Amino acid sequence: MDDVEEEVRPWLSAPPTVGAVLVAHDGATWLPKVLESFAGMDHAPTAWRVVDVASTDDGAELLRQSFGADRIQYAPSGTGFGAAAALGVAALPATDWIWFLHDDAAVDPDALAGLLDVATTADDIAVVGPKIREWPSLRRLLEVGLTITSTGSRETGLETGEPDAGQHDWPRDVLAVNTAGMLVRRDVWEELGGLDRALPLHFDDIDFGWRVARAGYRTRTAPGSVIFHAEASRRRTRRRSAGDPPTWDTRRAAMYTVLANTSGPRFVWAYLRLFLGTVLRFLGFLLAKDPESAGDELLALRAVYTHPLDLRAARRARAASSVRSQREVQSLLAPFWLPYRHGWDAFRGIVAALVRPETIETTGRRSTLGSGDPDDATDLDDGPPLWRRRPWLVTVLGLLVASLVAGRDMWGGGGGTSLLGGALPPTPDGAGQWWALLLERGHDVGLASTTFAPVFAGLLAAVATPVWFAPGLVVTVLMLLAVPLAGLSAHRLGRIISGHRGLRIVWAVTYAVSVAAIGAIAQGRIGTVVALVVLPIIANTALQLLERPGWQMGLRLGIWMAVGAAFAPVVLPLCLVGLLLLAVVERGLGRPVALAAVTSCVLLGPWVVQRALHPLRTWWEAGYPVPGQGAGALEALYLLLGRAGGPGQAPAWLGAGLVLLAVLALLPRATRTAVLVCWFVAVVGLCFAVLGSLVTFSVPGGSAPITPWVGVPVAVWILGLATAVLVAAPEWAGLARPAVVGLLVLALLAPVGSGLWWVVRGSDDPLDRARPDTVPAFLSERSGDTLVVAGTLAEGVDVRVVRGAGPVLGEEALHPDPQRRDELVAAAEGLLSSASPSHLRALADLGVESVYAPDVDPVVEQRIDAASQLEPAGSDRPGSRVWTLSLEAESHEAQAGIWRTGFGVLQIMVWLGAIIATAPVRRRDDARHDEEVRA
């Protein structure tokens with residue numbers, strides 16, 4: 001019988017020596033079965049060593065009874081599997097092979113023999129792994145070899161719950177095998193330094209197998225060897241203890257493994273792909289309402305990408321032991337398309353859940369009323385109506401419907417139309433145009449420009465990327481749904497300020513409707529709209545900083561300040577005044593407050609320098625610099641009543657009730673201190689509004705001074721007054737009923753009156769949905785630029801050069817080189833005074849091919865007609881004129897150095913890094929989970 005067995009297993013004539021290393025940690029639940037399986041093996045290891053990692057259960061005693069104290073090594077809490085395995089190997093006598101075992105993995109009697117059957121078939125085999133089945137089912141396959149995708153996913157090549165029917169019973173080369181039952185040649189183990197200590201629990205097996213393959217050895221599966229694995233650590237059925245890796249270490253280990261082992265040009269791609277992919281996974285988990293997993297993604301990303309020196313050291317160590325290139329081992333890795341297939345499968349699952357929700361398992365609805373008997377029909381009572389149970393939800397739905405009704409004239413429009421008008425330029429055809437503004441070395445607009453792109457273009461690009469070919473959808477949502485968006489952010493702030501739900505809802509609606517009441521939507525003031533949506537978030541974060549001081553909250557406050565200031569720069573000085581107030585109120589907030597200020601300035605980048613050189617341009621918001629109302633007695637009254645002037649604003653008298661209530665809010669003594677703080681905020685906003693109405697600013701290339709639009713500080717004035725009323729209102733509950741009714745009427749005057757006016761009037765005019773008409777369509781299709789002439793000789797003529805159909809949102813903030821602008825002005829002045837061939841030649845040299853006067857002045861028309869080398873052409877608008885140059889126009893492209901693109905990439909990375917470092921996540925309650933496991 002022995003002769004027959006030796007023929008099947010020729011290695012039995014001179015069996016290789018095998019040292020077994022068992023690593024245990026609180027494994028009393030599984031050790032009785034595991035130790036019993038060791039005793040029943042047909043071929044046993046030559047030597048045994050056990051490493052117990054700070055077990056606190058009965059497992060330590062079980063190990064001493066089974067192996068004896070002389071075979072057991074003890075490791076402190078927090079020792080990773082690789083470090084524990086190294087302790088065990090060091091204590092073993094010299095052996096040919098090392099066999100690693102887990103305390104939750106029982107072995108088949110023929111397990112070690114089956115491994116040696118494969119291990120002894122070739123000299124270049126260094127690692128052999130068994131077929132692993134699930135414990136306690138014993139039939140389901142878990143692993144028959146491992147690999148990894150380029151996105152860091154652990155791949156087994158098996159279907160979930162796949163039973164073992166012999167379909168994988170042939171040895172094959174794989175990238176790696178599980179450390180549970182892994183048989184390793186000792187000389188290779190020592191050559192490679194064992195398992196990486198930077199991987200204490202997860203992906204250490206894949207990392208080791210990858211290094212083995214790069215070192216010129218093979219890893220094989222041995223399906224004749226079977227192990228039953230409970231996967232206690234991965235399934236979190238093992239009791240957690242101090243020093244155990246955090247839950248996010250799995251994702252960190254995956255990224256570390258990919259980046260440490262990927263070599264050559266693929267590393268750069270893997271580095272960027274994992275970074276961006278992790279950000280997308282984080283957003284996906286948030287949308288799926290899984291903040292714990294979202295937090296794991298961010299923490300893992302931070303752990304890997306903030307330690308580049310550790311990653312470099314790991315890559316150097318692997319390069320030193322490698323004799324094969326990445327291409328030679330590529331066949332062992334998962335195919336490139338596998339992550340995309342997994343994504344498609346997940347997407348199909350989500351769609352199926354939405355389309356056929358009946359396929360989703362649910363426990364159903366159980367009533368908490370009545371007797372509790374499921375057969376009792378009285379338990380099916382739905383309770384109060386929805387508007388009483390969820391009043392804020394009903395309010396938001398009402399604001400949404402009102403927004404759709406108010407924007408009724410701008411939801412239609414055929415292809416190619418864009419939301420524009422007033423201060424709002426057209427939207428680009430794709431999000432890539434916004435990204436290009438950040439990354440390109442020169443901007444092909446008008447006379448060409450090398451100035452830095454506005455920061456808000458990058459923010460719009462990021463939001464519009466999911467709808468790449470329809471970025472206008474982002475602008476449409478921001479403009480037409482501004483009121484519900486502002487209401488949502490305000491209500492979240494109100495939950496911190498007041499615990500009275502009804503008062504909080506009225507307060508949030510008052511602020512939300514003010515966005516439309518001041519005329520920001522109708523005038524196309526996208527900078528004001530975004531700033532007013534963000535302002536309550538800034539205030540909310542500031543209050544959280546006051547309650548929980550810390551660098552992360554300070555950094556988060558700086559990010560939101562930068563977002564608001566990117567669209568409406570006046571937000572920055574307003575917030576700096578608020579930060580100063582915080583620092584004075586709470587002396588211990590100096591560092592986080594300073595961090596918030598520095599963060600906002602760093603994220604805004606060159607904008608800070610540009611505004612420091614021209615402080616009055618702080619009033620220039622995103623979009624065209626359309627003037628606001630000037631200074632005067634009537635304008636001052638408008639500001640006091642919460643109106644910023646211009647078309648589309650609600651009647652000023654609707655704001656009188658709010659001002660009166662805010663004054664009355666000063667009377668109750670119990671809330672006077674808080675009300676005074678609210679009044680301070682309101683007065684700061686009013687002072688900024690008054691200051692803005694008294695000054696003017698100029699834009700590069702502009703001839704006339706511009707009176708600032710003060711919508712943002714006016715909204716701060718309204719917000720401060722409304723908050724003062726919110727704080728004091730509970731003190732009025734004890735007044736006589738007629739007085740309470742009168743106060744309620746005053747409180748509802750602004751939200752209800754302004755809301756009705758807004759719905760009836762609509763959100764349009766001058767905002768509209770139409771095709772850009774900066775120049776006639778036939779001129780926009782010409783290769784050359786168009787000189788647009790506006791104004792009169794008596795009041796002043798403004799000239800600008802337009803390329804194509806004109807600037808899109810973000811390009812209006814770019815300006816040409818001052819020298820080229822001076823050349824344009826000189827040539828235009830010569831054209832309108834006494835045109836000569838030199839003037840027209842100068843225009844042609846600047847790339848001008850045609851001249852367009854949208855509302856032509858007769859005197860201007862006569863002067864241009866006198867130019868001999870200008871030929872009249874048709875126009876598509878009454879009262880306008882078009883002339884074309886008979887000279888050939890030159891083409892100019894301005895470009896800065898390559899550093900400009902690098903700076904754009906750096907700016908994007910700084911934003912991403914700041915957001916990732918401070919993203920809100922909720923941590924798992926590991927203590928509660930452990931109690932559930934023990935129960």
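Are Phe456 and Phe567 buried or exposed? Phe456 and Phe567 are both buried. The model described here is predicted.

- Because Phe38 belongs to helix 2 (residues 31-39) and Trp48 to strand 2 (residues 47-53), the pair ties together parts that are ten residues apart in sequence.
- Phe38 has a relative accessible area of 9% and is buried.
- Trp48 also counts as buried, with a relative accessibility of 11%.

**The pair Phe456 and Phe567**
- Between the rings of Phe456 and Phe567 the centre distance is 5.6 Å and the angle of the planes is 35°, so this pair is likewise tilted.
- Phe456 is located in helix 17 (residues 455-464) and Phe567 in helix 22 (residues 551-567).

**An aromatic cluster**
- One aromatic cluster is formed by four residues: Phe267, Tyr271, Phe275 and Tyr305.
- Phe267, a member of that cluster, has Arg315 over its face, at 3.9 Å from the ring centre.

**A further arginine over a ring**
- Arg900 is positioned over the face of Phe452, and its distance from the ring centre is 4.2 Å.

Technical notes. Residues numbered from 1 in each chain as written. Predicted model: local features only at pLDDT ≥ 70, side-chain atom pairs only at ≥ 80, totals over all residues. Heavy atoms only, no water. Helix = DSSP H or I, 4+ residues; strand = E, 2+ residues; numbered from the N terminus. Buried < 20%, exposed > 50% of the residue type's maximum accessible area, 1.4 Å probe, protein only. Phe/Tyr/Trp six-rings, centres within 6.5 Å; stacked < 30°, edge-to-face > 60°. Lys NZ or Arg CZ within 6 Å of the ring centre and 35° of its normal.
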